[in-house]
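Follow this walk through one protein model, a stop at a time. Keep the structure open beside the text.

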Amino acid sequence: MRYARVGARVGGVAARIAGTRILGLEGQRGGNAAALAAALGGLKGPIMKVAQLMATIPDALPPEYAAELATLQNQAPPMGWAFVKRRMIAELGPDWMARFSSFDKEPTAAASLGQVHRARALDGTELAVKLQYPDMQSAVEADLKQLDLVFALHRRMDPAIDTTEIAQEIGARVREELDYRREALHAGLYALMLADEPGVRVPGVHSALSTGRLLTLDWLEGRRLLDFVDHSLEQRNTIARAMFAAWWLPFSRHGVIHGDPHLGNYTVFEEEGAPAGINLLDYGCIRIFPPSFVGGVVDLYRGLEANDEARTVHAYETWGFRGLSRELIEVLNIWARFIYGPLLDDRVRTIADGVAPGEYGRREAFRVHKALKERGPVKVPREFVFMDRAAIGLGGVFLHLKAELNFHALFEAAIEGFSVEAVTARQGAALAQVGLT
(Lines give C-alpha, C1' and ligand atoms only; values in the text may rest on other atoms or scores of the structure.)
Protein backbone atom coordinates (compact mmCIF):
# COMPACT_ATOMS: atom_id res chain seq x y z
CA MET A 1 0.00 0.00 0.00
CA ARG A 2 2.80 2.39 0.89
CA TYR A 3 4.68 1.62 -2.33
CA ALA A 4 1.55 2.35 -4.37
CA ARG A 5 0.84 5.58 -2.47
CA VAL A 6 4.39 6.92 -2.72
CA GLY A 7 4.67 5.81 -6.34
CA ALA A 8 1.42 7.48 -7.32
CA ARG A 9 2.41 10.80 -5.81
CA VAL A 10 5.98 10.86 -7.08
CA GLY A 11 4.89 9.48 -10.46
CA GLY A 12 2.25 12.17 -10.82
CA VAL A 13 4.78 14.91 -10.20
CA ALA A 14 7.22 13.18 -12.56
CA ALA A 15 4.62 13.24 -15.31
CA ARG A 16 4.02 16.93 -14.67
CA ILE A 17 7.77 17.68 -14.82
CA ALA A 18 8.14 15.69 -18.03
CA GLY A 19 5.20 17.51 -19.58
CA THR A 20 6.72 20.84 -18.67
CA ARG A 21 9.96 19.88 -20.44
CA ILE A 22 8.24 18.50 -23.55
CA LEU A 23 6.09 21.60 -23.90
CA GLY A 24 9.03 23.93 -23.35
CA LEU A 25 7.63 25.48 -20.19
CA GLU A 26 10.90 25.64 -18.28
CA GLY A 27 9.75 28.72 -16.40
CA GLN A 28 7.28 26.56 -14.48
CA ARG A 29 9.93 24.58 -12.57
CA GLY A 30 9.08 26.48 -9.41
CA GLY A 31 5.51 25.24 -9.55
CA ASN A 32 6.67 21.69 -10.19
CA ALA A 33 9.03 21.90 -7.23
CA ALA A 34 6.20 23.05 -4.98
CA ALA A 35 4.06 20.15 -6.24
CA LEU A 36 6.82 17.67 -5.41
CA ALA A 37 7.25 19.11 -1.91
CA ALA A 38 3.50 18.96 -1.34
CA ALA A 39 3.32 15.35 -2.52
CA LEU A 40 6.19 14.24 -0.28
CA GLY A 41 5.04 16.33 2.67
CA GLY A 42 1.79 14.40 2.81
CA LEU A 43 3.55 11.03 2.94
CA LYS A 44 5.85 11.43 5.95
CA GLY A 45 8.08 8.54 6.99
CA PRO A 46 11.42 7.62 5.36
CA ILE A 47 10.68 9.53 2.13
CA MET A 48 10.85 12.71 4.22
CA LYS A 49 14.40 11.89 5.32
CA VAL A 50 15.35 11.08 1.73
CA ALA A 51 13.89 14.39 0.55
CA GLN A 52 15.78 16.32 3.19
CA LEU A 53 19.03 14.55 2.28
CA MET A 54 18.52 15.44 -1.37
CA ALA A 55 17.85 19.07 -0.47
CA THR A 56 21.14 19.40 1.42
CA ILE A 57 23.39 17.85 -1.24
CA PRO A 58 24.41 20.71 -3.51
CA ASP A 59 23.30 20.19 -7.13
CA ALA A 60 21.66 16.81 -6.55
CA LEU A 61 18.50 18.58 -7.69
CA PRO A 62 17.79 21.91 -9.43
CA PRO A 63 17.82 24.83 -6.98
CA GLU A 64 14.03 25.33 -7.16
CA TYR A 65 13.49 21.76 -6.00
CA ALA A 66 16.18 21.93 -3.30
CA ALA A 67 14.66 25.11 -1.86
CA GLU A 68 11.19 23.54 -1.65
CA LEU A 69 12.37 20.24 -0.20
CA ALA A 70 14.48 22.05 2.39
CA THR A 71 11.25 23.41 3.88
CA LEU A 72 10.00 19.91 4.72
CA GLN A 73 10.18 18.89 8.35
CA ASN A 74 10.07 15.50 10.03
CA GLN A 75 6.34 15.50 10.70
CA ALA A 76 5.67 11.81 11.27
CA PRO A 77 2.89 11.58 13.89
CA PRO A 78 4.14 9.91 17.07
CA MET A 79 2.95 6.45 18.01
CA GLY A 80 0.30 6.39 20.71
CA TRP A 81 0.92 4.79 24.09
CA ALA A 82 -0.81 1.50 23.20
CA PHE A 83 1.37 1.23 20.11
CA VAL A 84 4.51 2.07 22.12
CA LYS A 85 3.74 -0.65 24.67
CA ARG A 86 3.37 -3.27 21.94
CA ARG A 87 6.64 -2.20 20.35
CA MET A 88 8.48 -2.21 23.69
CA ILE A 89 7.15 -5.70 24.48
CA ALA A 90 8.45 -6.84 21.08
CA GLU A 91 11.92 -5.45 21.86
CA LEU A 92 12.40 -6.10 25.60
CA GLY A 93 9.68 -8.61 26.54
CA PRO A 94 6.43 -8.39 28.50
CA ASP A 95 8.15 -7.21 31.70
CA TRP A 96 9.84 -4.27 29.99
CA MET A 97 8.33 -1.65 32.34
CA ALA A 98 10.01 -3.35 35.31
CA ARG A 99 13.38 -2.53 33.74
CA PHE A 100 12.79 1.23 34.14
CA SER A 101 11.91 3.20 37.25
CA SER A 102 9.93 5.58 35.03
CA PHE A 103 9.07 5.92 31.34
CA ASP A 104 7.33 8.98 29.86
CA LYS A 105 4.27 8.07 27.82
CA GLU A 106 4.59 11.10 25.54
CA PRO A 107 7.67 11.23 23.27
CA THR A 108 10.06 14.15 23.53
CA ALA A 109 10.69 13.97 19.76
CA ALA A 110 9.15 12.19 16.76
CA ALA A 111 11.08 11.96 13.50
CA SER A 112 10.95 10.09 10.22
CA LEU A 113 12.18 6.68 11.42
CA GLY A 114 11.36 6.63 15.11
CA GLN A 115 10.62 8.57 18.28
CA VAL A 116 12.39 9.31 21.56
CA HIS A 117 10.97 8.89 25.07
CA ARG A 118 12.55 10.15 28.26
CA ALA A 119 12.93 7.51 30.96
CA ARG A 120 14.85 6.74 34.14
CA ALA A 121 16.93 3.62 34.83
CA LEU A 122 16.55 1.60 38.01
CA ASP A 123 19.73 3.22 39.34
CA GLY A 124 18.30 6.70 38.70
CA THR A 125 20.22 7.47 35.48
CA GLU A 126 18.24 9.69 33.12
CA LEU A 127 17.73 8.00 29.75
CA ALA A 128 16.78 8.80 26.15
CA VAL A 129 14.95 5.79 24.67
CA LYS A 130 14.80 5.78 20.87
CA LEU A 131 12.15 3.42 19.48
CA GLN A 132 11.90 2.65 15.77
CA TYR A 133 8.50 2.71 14.10
CA PRO A 134 7.20 -0.70 12.94
CA ASP A 135 7.88 -2.00 9.42
CA MET A 136 10.46 0.69 8.69
CA GLN A 137 12.67 -1.61 6.62
CA SER A 138 9.97 -2.28 4.02
CA ALA A 139 8.93 1.39 4.05
CA VAL A 140 12.51 2.51 3.45
CA GLU A 141 12.94 0.11 0.53
CA ALA A 142 9.70 1.31 -1.05
CA ASP A 143 10.73 4.94 -0.67
CA LEU A 144 14.25 4.37 -2.01
CA LYS A 145 12.76 2.92 -5.20
CA GLN A 146 10.96 6.22 -5.67
CA LEU A 147 14.21 8.08 -5.05
CA ASP A 148 15.66 6.17 -7.99
CA LEU A 149 12.75 7.42 -10.11
CA VAL A 150 13.36 11.05 -9.12
CA PHE A 151 17.08 10.82 -9.84
CA ALA A 152 16.53 9.05 -13.17
CA LEU A 153 14.15 11.82 -14.19
CA HIS A 154 16.69 14.44 -13.16
CA ARG A 155 19.41 12.76 -15.23
CA ARG A 156 17.20 12.88 -18.33
CA MET A 157 15.97 16.41 -17.83
CA ASP A 158 19.11 18.11 -16.55
CA PRO A 159 22.14 15.86 -17.08
CA ALA A 160 24.99 18.07 -15.90
CA ILE A 161 25.46 15.86 -12.82
CA ASP A 162 25.31 12.07 -13.03
CA THR A 163 23.43 11.31 -9.81
CA THR A 164 23.82 7.52 -9.92
CA GLU A 165 26.29 7.30 -7.05
CA ILE A 166 24.48 9.99 -5.04
CA ALA A 167 21.41 7.73 -5.02
CA GLN A 168 23.50 4.72 -4.00
CA GLU A 169 25.13 6.63 -1.14
CA ILE A 170 21.84 7.97 0.21
CA GLY A 171 20.36 4.47 0.07
CA ALA A 172 23.29 2.96 1.96
CA ARG A 173 23.20 5.59 4.71
CA VAL A 174 19.41 5.46 5.22
CA ARG A 175 19.54 1.66 5.47
CA GLU A 176 22.30 1.96 8.07
CA GLU A 177 20.09 4.28 10.12
CA LEU A 178 17.65 1.40 10.62
CA ASP A 179 20.30 -0.62 12.46
CA TYR A 180 20.30 0.66 16.04
CA ARG A 181 22.97 -1.85 17.08
CA ARG A 182 25.31 -0.18 14.61
CA GLU A 183 24.25 3.25 15.86
CA ALA A 184 25.17 2.15 19.39
CA LEU A 185 28.63 1.22 18.13
CA HIS A 186 28.88 4.60 16.40
CA ALA A 187 28.14 6.32 19.72
CA GLY A 188 30.88 4.26 21.35
CA LEU A 189 33.26 5.24 18.55
CA TYR A 190 32.56 8.94 19.08
CA ALA A 191 33.01 8.60 22.83
CA LEU A 192 36.44 7.14 22.13
CA MET A 193 37.46 9.69 19.46
CA LEU A 194 36.33 12.72 21.49
CA ALA A 195 37.34 11.51 24.96
CA ASP A 196 39.81 14.39 25.33
CA GLU A 197 37.44 17.12 24.10
CA PRO A 198 35.67 18.72 27.10
CA GLY A 199 33.57 20.85 24.76
CA VAL A 200 31.78 17.83 23.24
CA ARG A 201 29.66 15.38 25.21
CA VAL A 202 28.73 11.95 23.87
CA PRO A 203 25.97 9.90 25.57
CA GLY A 204 26.76 6.49 27.02
CA VAL A 205 24.97 3.44 25.61
CA HIS A 206 22.81 1.16 27.79
CA SER A 207 23.26 -2.12 25.94
CA ALA A 208 20.94 -4.13 28.22
CA LEU A 209 18.10 -1.80 27.24
CA SER A 210 18.91 -1.73 23.51
CA THR A 211 18.18 -3.95 20.50
CA GLY A 212 18.39 -3.62 16.74
CA ARG A 213 15.30 -1.37 16.79
CA LEU A 214 15.58 0.15 20.27
CA LEU A 215 18.46 2.34 21.42
CA THR A 216 18.82 3.58 24.98
CA LEU A 217 21.37 6.30 25.68
CA ASP A 218 22.17 8.66 28.52
CA TRP A 219 19.92 11.69 28.56
CA LEU A 220 22.13 14.76 28.01
CA GLU A 221 20.61 17.93 29.38
CA GLY A 222 20.90 20.88 27.02
CA ARG A 223 19.18 23.69 25.17
CA ARG A 224 18.56 24.18 21.46
CA LEU A 225 21.48 25.66 19.59
CA LEU A 226 19.24 28.36 18.11
CA ASP A 227 18.46 29.60 21.65
CA PHE A 228 21.97 31.10 21.69
CA VAL A 229 22.06 33.04 18.42
CA ASP A 230 21.55 36.36 20.24
CA HIS A 231 24.04 35.68 23.05
CA SER A 232 27.42 37.38 23.25
CA LEU A 233 29.99 36.75 20.53
CA GLU A 234 32.26 35.03 23.05
CA GLN A 235 29.53 32.55 23.97
CA ARG A 236 28.56 31.94 20.35
CA ASN A 237 32.21 31.33 19.48
CA THR A 238 32.48 28.81 22.33
CA ILE A 239 29.65 26.78 20.76
CA ALA A 240 31.16 27.13 17.27
CA ARG A 241 34.58 25.91 18.43
CA ALA A 242 32.92 22.85 19.97
CA MET A 243 31.07 22.18 16.71
CA PHE A 244 34.31 22.47 14.76
CA ALA A 245 36.00 19.98 17.10
CA ALA A 246 33.07 17.54 16.98
CA TRP A 247 33.18 17.45 13.19
CA TRP A 248 36.78 17.99 12.06
CA LEU A 249 38.74 16.12 14.73
CA PRO A 250 37.11 12.69 14.15
CA PHE A 251 37.50 13.19 10.41
CA SER A 252 41.10 14.41 10.33
CA ARG A 253 42.35 11.88 12.90
CA HIS A 254 40.12 8.84 12.30
CA GLY A 255 38.42 9.37 8.92
CA VAL A 256 34.91 9.54 10.40
CA ILE A 257 32.25 12.21 9.96
CA HIS A 258 28.88 12.93 11.48
CA GLY A 259 26.92 13.22 8.25
CA ASP A 260 23.64 14.79 9.38
CA PRO A 261 23.83 18.58 9.86
CA HIS A 262 20.25 18.84 11.20
CA LEU A 263 20.23 21.33 14.07
CA GLY A 264 18.09 18.96 16.13
CA ASN A 265 21.07 16.62 16.44
CA TYR A 266 22.90 19.01 18.77
CA THR A 267 22.07 20.72 22.03
CA VAL A 268 24.19 23.12 24.07
CA PHE A 269 25.21 22.30 27.63
CA GLU A 270 25.93 25.03 30.11
CA GLU A 271 28.25 25.46 33.07
CA GLU A 272 27.71 28.23 35.64
CA GLY A 273 24.96 29.69 33.46
CA ALA A 274 27.03 30.01 30.28
CA PRO A 275 27.31 27.75 27.21
CA ALA A 276 30.30 25.43 27.59
CA GLY A 277 29.95 23.05 24.64
CA ILE A 278 27.63 20.78 22.70
CA ASN A 279 25.87 17.49 23.22
CA LEU A 280 26.12 15.25 20.15
CA LEU A 281 22.84 13.35 20.17
CA ASP A 282 22.29 11.24 17.07
CA TYR A 283 24.64 8.64 15.54
CA GLY A 284 22.55 7.13 12.77
CA CYS A 285 24.19 8.95 9.85
CA ILE A 286 27.91 8.31 10.38
CA ARG A 287 30.33 7.88 7.45
CA ILE A 288 33.61 6.00 7.88
CA PHE A 289 36.02 6.88 5.05
CA PRO A 290 39.08 5.11 3.69
CA PRO A 291 42.10 6.98 5.09
CA SER A 292 43.16 7.76 1.50
CA PHE A 293 40.00 9.88 1.13
CA VAL A 294 41.06 11.96 4.12
CA GLY A 295 44.45 12.31 2.44
CA GLY A 296 42.66 13.71 -0.60
CA VAL A 297 40.94 16.34 1.57
CA VAL A 298 44.28 17.49 2.97
CA ASP A 299 45.94 17.34 -0.47
CA LEU A 300 43.24 19.58 -1.95
CA TYR A 301 43.63 22.04 0.91
CA ARG A 302 47.42 22.18 0.44
CA GLY A 303 47.05 22.28 -3.35
CA LEU A 304 44.72 25.28 -3.22
CA GLU A 305 46.90 26.94 -0.59
CA ALA A 306 50.04 26.67 -2.75
CA ASN A 307 48.25 26.97 -6.12
CA ASP A 308 49.67 23.51 -6.87
CA GLU A 309 47.57 22.17 -9.75
CA ALA A 310 49.14 18.71 -9.74
CA ARG A 311 48.32 18.19 -6.07
CA THR A 312 44.79 19.49 -6.60
CA VAL A 313 44.16 17.09 -9.49
CA HIS A 314 45.64 14.24 -7.47
CA ALA A 315 43.15 15.01 -4.68
CA TYR A 316 40.17 14.83 -7.05
CA GLU A 317 41.43 11.55 -8.49
CA THR A 318 41.95 10.16 -4.98
CA TRP A 319 38.30 10.92 -4.27
CA GLY A 320 37.23 8.99 -7.37
CA PHE A 321 36.64 11.65 -10.02
CA ARG A 322 37.61 10.25 -13.41
CA GLY A 323 38.30 11.61 -16.89
CA LEU A 324 38.92 15.15 -15.69
CA SER A 325 39.73 17.70 -18.37
CA ARG A 326 41.32 21.03 -17.51
CA GLU A 327 37.91 22.68 -17.94
CA LEU A 328 36.24 20.28 -15.52
CA ILE A 329 39.03 20.79 -13.00
CA GLU A 330 38.41 24.54 -13.15
CA VAL A 331 34.72 23.93 -12.49
CA LEU A 332 35.43 21.69 -9.49
CA ASN A 333 37.82 24.33 -8.16
CA ILE A 334 34.94 26.83 -7.99
CA TRP A 335 33.28 24.58 -5.43
CA ALA A 336 36.54 23.66 -3.69
CA ARG A 337 37.53 27.30 -3.17
CA PHE A 338 34.10 27.96 -1.68
CA ILE A 339 34.30 25.02 0.77
CA TYR A 340 37.93 25.68 1.70
CA GLY A 341 37.74 29.48 1.58
CA PRO A 342 37.39 30.08 5.34
CA LEU A 343 40.06 27.45 6.08
CA LEU A 344 42.57 29.10 3.76
CA ASP A 345 41.99 32.61 5.09
CA ASP A 346 44.32 33.19 8.06
CA ARG A 347 42.27 35.75 9.99
CA VAL A 348 39.29 36.02 12.29
CA ARG A 349 36.15 36.06 10.13
CA THR A 350 32.63 34.74 9.74
CA ILE A 351 32.03 31.78 7.43
CA ALA A 352 30.26 33.91 4.81
CA ASP A 353 29.32 37.51 5.61
CA GLY A 354 25.83 38.49 4.54
CA VAL A 355 24.75 35.03 3.35
CA ALA A 356 21.54 33.57 4.80
CA PRO A 357 21.95 30.04 6.22
CA GLY A 358 19.42 28.61 3.76
CA GLU A 359 21.32 30.08 0.81
CA TYR A 360 24.80 29.00 1.90
CA GLY A 361 26.50 27.48 -1.13
CA ARG A 362 23.61 27.98 -3.54
CA ARG A 363 25.33 30.66 -5.62
CA GLU A 364 28.46 28.57 -6.05
CA ALA A 365 26.39 25.45 -6.79
CA PHE A 366 24.57 27.36 -9.53
CA ARG A 367 27.86 28.48 -11.09
CA VAL A 368 29.16 24.91 -11.00
CA HIS A 369 25.95 23.53 -12.48
CA LYS A 370 25.93 26.07 -15.29
CA ALA A 371 29.54 25.27 -16.18
CA LEU A 372 28.97 21.51 -16.04
CA LYS A 373 26.04 21.81 -18.46
CA GLU A 374 28.56 23.17 -20.94
CA ARG A 375 31.48 20.84 -20.15
CA GLY A 376 30.03 17.84 -18.26
CA PRO A 377 28.46 15.61 -17.30
CA VAL A 378 30.53 14.49 -14.35
CA LYS A 379 29.82 11.55 -12.04
CA VAL A 380 30.07 12.52 -8.39
CA PRO A 381 31.87 9.78 -6.40
CA ARG A 382 29.63 8.41 -3.67
CA GLU A 383 32.13 9.04 -0.88
CA PHE A 384 32.13 12.72 -1.75
CA VAL A 385 28.36 13.05 -1.21
CA PHE A 386 28.14 13.15 2.59
CA MET A 387 31.46 14.92 3.02
CA ASP A 388 30.10 17.75 0.89
CA ARG A 389 26.70 17.72 2.54
CA ALA A 390 28.07 17.70 6.08
CA ALA A 391 30.50 20.54 5.31
CA ILE A 392 27.60 22.66 4.07
CA GLY A 393 25.59 21.79 7.16
CA LEU A 394 28.46 22.70 9.47
CA GLY A 395 28.88 26.01 7.66
CA GLY A 396 25.17 26.64 8.13
CA VAL A 397 25.55 26.17 11.90
CA PHE A 398 28.37 28.74 11.96
CA LEU A 399 26.15 31.12 10.00
CA HIS A 400 23.27 30.70 12.43
CA LEU A 401 25.65 31.44 15.31
CA LYS A 402 27.27 34.38 13.48
CA ALA A 403 30.55 32.99 14.79
CA GLU A 404 33.79 34.89 14.21
CA LEU A 405 36.81 32.61 14.41
CA ASN A 406 40.15 31.96 12.77
CA PHE A 407 38.99 28.82 10.96
CA HIS A 408 42.43 28.51 9.32
CA ALA A 409 44.14 28.19 12.70
CA LEU A 410 41.54 25.67 13.92
CA PHE A 411 41.97 23.54 10.79
CA GLU A 412 45.76 23.66 10.91
CA ALA A 413 45.62 22.44 14.50
CA ALA A 414 43.25 19.62 13.49
CA ILE A 415 45.59 18.34 10.75
CA GLU A 416 48.88 18.94 12.58
CA GLY A 417 51.21 16.02 11.90
CA PHE A 418 48.71 14.51 9.46
CA SER A 419 49.59 11.40 7.50
CA VAL A 420 47.45 8.78 5.82
CA GLU A 421 49.42 6.10 7.66
CA ALA A 422 48.62 7.64 11.05
CA VAL A 423 44.91 7.87 10.22
CA THR A 424 44.97 4.23 9.06
CA ALA A 425 46.47 3.11 12.36
CA ARG A 426 44.16 5.22 14.56
CA GLN A 427 41.06 4.26 12.60
CA GLY A 428 41.85 0.55 12.68
CA ALA A 429 42.53 0.60 16.41
CA ALA A 430 39.36 2.58 17.21
CA LEU A 431 37.07 0.44 15.07
CA ALA A 432 38.50 -2.73 16.59
CA GLN A 433 38.10 -1.38 20.12
CA VAL A 434 34.37 -0.63 19.70
CA GLY A 435 33.63 -3.69 17.53
CA LEU A 436 32.89 -1.96 14.23
CA THR A 437 33.85 -3.61 10.93
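Begin with a charged pair. R224 and D227 join their side chains in a salt bridge, with N and O 3.1 Å apart. How open to the outside are these two partners? R224 has 52% relative accessibility, so it counts as exposed. D227 has a relative accessible area of 30%, so it is partly exposed. Keep in mind that this is a predicted model.

Other charged pairs sit within helices. E305 forms a salt bridge with R302, and their closest N and O atoms are 3.0 Å apart. Both residues belong to helix α10, residues 291-306. They are three residues apart, about one turn of the helix. E305 is partly exposed at 39% relative accessibility. R302 is partly exposed too, with a relative accessible area of 23%. Salt bridges can also share partners: R118, R120, E126 and E221 are joined into one network that way.

Now turn to helix α5, residues 81-92. Here the side chains of R87 and E91 meet in a salt bridge of 3.2 Å, N to O. Why are they separated by about one helical turn? Because they are four residues apart in the helix. Are R87 and E91 buried or exposed? Both are buried. In total, the model has 18 salt bridges.

Next, look at K130 in strand β4, which covers residues 126-132. Its relative accessibility is 16%, and the cut-off for buried is under 20%, so K130 counts as buried. Beyond its neighbours within four places in sequence, K130 is in contact with several residues, including Q115, Y180, E183 and D282. With E183 there is a polar contact, side chain to side chain, at 3.0 Å. P107 is 23 residues from K130 in sequence, and their C-alpha atoms are 9.3 Å apart.

D179 caps the N-terminal end of α8. A side-chain oxygen of D179 lies 3.1 Å from the backbone nitrogen of R181.

Now to a sheet. Strands of a sheet pair through backbone hydrogen bonds, either parallel or antiparallel.

The largest nonpolar core has 102 residues. Those with the most contacts inside it are M88, F100 and W248. Helix α14, residues 382-401, gives the most to this core, with twelve residues. Beyond its close sequence neighbours, W248 is in contact with V297, L343, M387, L394 and F411.

Finish in a loop. T350 lies between α12 (326-344) and α13 (362-375). Leaving aside neighbours within four places in sequence, T350 is in contact with A403, E404 and F407.

Conventions:
Residues are numbered from 1 along each chain as its sequence is written. This is a predicted model: local features need pLDDT of at least 70, side-chain atom pairs count only at pLDDT 80 or more; totals for chains, interfaces and linings use all residues. Side-chain values use heavy atoms; hydrogens and water are left out. Helices (H or I, at least four residues) and strands (E, at least two) are DSSP runs, numbered from the N terminus. Buried means under 20% relative accessible area, exposed over 50%, partly exposed in between (1.4 Å probe, protein chains only). Contact means heavy atoms within 4.5 Å. A polar contact is a pair of N or O atoms within 3.5 Å; within protein, one must be able to donate a hydrogen and the other to accept it, and residues adjacent in sequence count only if both atoms are side-chain atoms. A nonpolar core is a set of buried Ala, Val, Leu, Ile, Met, Phe, Trp, Tyr and Cys residues joined through side-chain atoms within 4.5 Å. A salt bridge is a side-chain nitrogen of Lys or Arg within 4 Å of a carboxyl oxygen of Asp or Glu.
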